[in-house]
Amino acid sequence: MSDGQATATNSATDAAPTGPSRVFVSGATGFVGRHIVRELVSRGFRPVCLVRDKSKFESVFRDLLPGSYDVVIGDVFNDAALADAVRDCEAAIHLIGIITETPMQGQTFQRVHTEATQRVVDACRLAGVARYVHMSALGTRHDAVSAYHRTKWAAECCVRDSGLAWTIFRPSLIHGPDGEFMRMMRVFVCDAVVPAFGVFPSPFPVIPYFGSGEAKIQPVDVRDVANCFVSALSKPETIGQTYDLGGACAMSWKDMYRACKRLIPGALQWKPLVWMPVFKAKLLARTVMKLPILPKMLRFDVGQVQMSQEDSSCDTRPVEETFGIRMRDFEKELKLYGAEIPSAF
């Protein structure tokens, strides 16, 4: 990261806090939520976090001073807990989302993306919370090939029709040393064996990708995402706007895998990148990947295969000009934090 990047990216954190002081946060203990909560606290805001497990929250945020945040136990489908969490807040940041469905646990795209968003929006209106910042995803549109993106679009429609002072962000793949994707990439490039059925060592001799691997991806640093979400609270000009979020450079999936193989310490250089035909990947997603043969982070569904075949890239100029930042470069940052990515097993 260049000195110019550091100055531009961190300048907002050093500014005196402005905007709403109490901010409701859903998904606070998730990958992005952890960074946003810390960003809020560092700027003098007071996050009010709706969480199902208080002990997990306290474990995740051991570094935060008691009294710098509030915790409400429950989830967005608990009317009383949600109402309690948004009460007396001046803004809301809604982050909850899933990448794969587990219907037996009630975790469907429709429920988690669309219904949950509508519930948070309704609770904000009822409590008089005017300002609302929403996590969507790059590629979201009404005619998307994947249910993931279609339900994200339906959630965006809930937000746009809410009457709230909203801002929507659509990030590409979000990366950081503590994120699930980078932990998966560490497995891809560093592990020759993974646990089958959770216990039995199974060979993992290749780094697989779907189709040609030439579709573009534009990984965005989680710190830049947190910066933009929190900065939006103090920028009235972002109200009613939708921003795409991507890193400094777009690259193919194959090139991103090669970068991980080159820059993550301990990578097995003998492991080859191997392509998997799309039809075969979809077949596996409908059959083998529904079984607990591989670790959960290595399983995939049809939607993930579909989304990997279309570009997830964007023009960074609108967000850089609005927020006065330069988006971080994936390879430069990976070189700095690669050794910090924890082992998955």
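A: Phe 197 is found in the loop between S8 and S9. Those labels stand for strands, and helices are labelled with an H: both are DSSP runs numbered from the N terminus, with helices (H or I) at least four residues long and strands (E) at least two. Before going on, a word on what you're looking at: this is a predicted model, where local features need pLDDT of at least 70 and side-chain atom pairs count only at pLDDT 80 or more, while totals for chains, interfaces and linings use all residues. Residues are numbered from 1 along each chain as its sequence is written, and side-chain values use heavy atoms, with hydrogens and water left out.

Strand S8 covers residues 193-196 and strand S9 covers residues 200-203, and the two pair in the antiparallel sense over four bridges. Two strands pair, by the way, if DSSP finds at least two bridges between them. As background, most residues other than glycine have a negative phi.

Is Phe 197 buried or exposed? Phe 197 counts as exposed because its relative accessibility is 51%; the cut-offs are under 20% relative accessible area for buried, over 50% for exposed, and partly exposed in between (1.4 Å probe, protein chains only).

Now follow S8 to a helix. Helix H7 (residues 180-190) is mostly covered, with eight of its 11 residues buried. Among them are Phe 181, Met 184, Phe 188 and Cys 190. The buried residues of H7 pack against S8, and also against strand S7 (174-175), strand S10 (207-210), H9 and H13.

The side chains of Glu 331 and Arg 262 meet in one, at 2.6 Å from N to O. This pair links distant parts of the chain, with Glu 331 in helix H13 (residues 330-337) and Arg 262 in helix H9 (residues 253-263), 69 residues apart. Glu 331 counts as partly exposed because its relative accessible area is 29%.

By this rule the count comes to 20 salt bridges. One of them joins Asp 221 and Arg 223 at 2.9 Å, N to O. Asp 221 is buried, with a relative accessible area of 1%, whereas Arg 223 counts as partly exposed at 33%. Another salt bridge brings together Lys 235 and Glu 237, at 3.9 Å from N to O. Glu 237 is partly exposed at 47% relative accessibility, and Lys 235 is partly exposed at 22%. Lys 235 lies in the loop between helix H8 (222-232) and strand S13 (241-245). Leaving aside neighbours within four places in sequence, Lys 235 is in contact with Arg 131, Thr 322 and Phe 323, where contact means heavy atoms within 4.5 Å.

Asp 88 lies in the loop between helix H4 (79-86) and strand S4 (91-94), and it counts as exposed at 58% relative accessibility.

Finally, how confident is the predictor? The chain averages a pLDDT of 93, and 94% of the residues score at least 70; pLDDT is the predictor's confidence in each residue, from 0 to 100. Over residues 1-16, though, the pLDDT is below 50, and this stretch has 26 contacts in the model beyond near neighbours in sequence.

Note on methods:
Salt bridge = Lys/Arg side-chain N within 4 Å of Asp/Glu carboxyl O.
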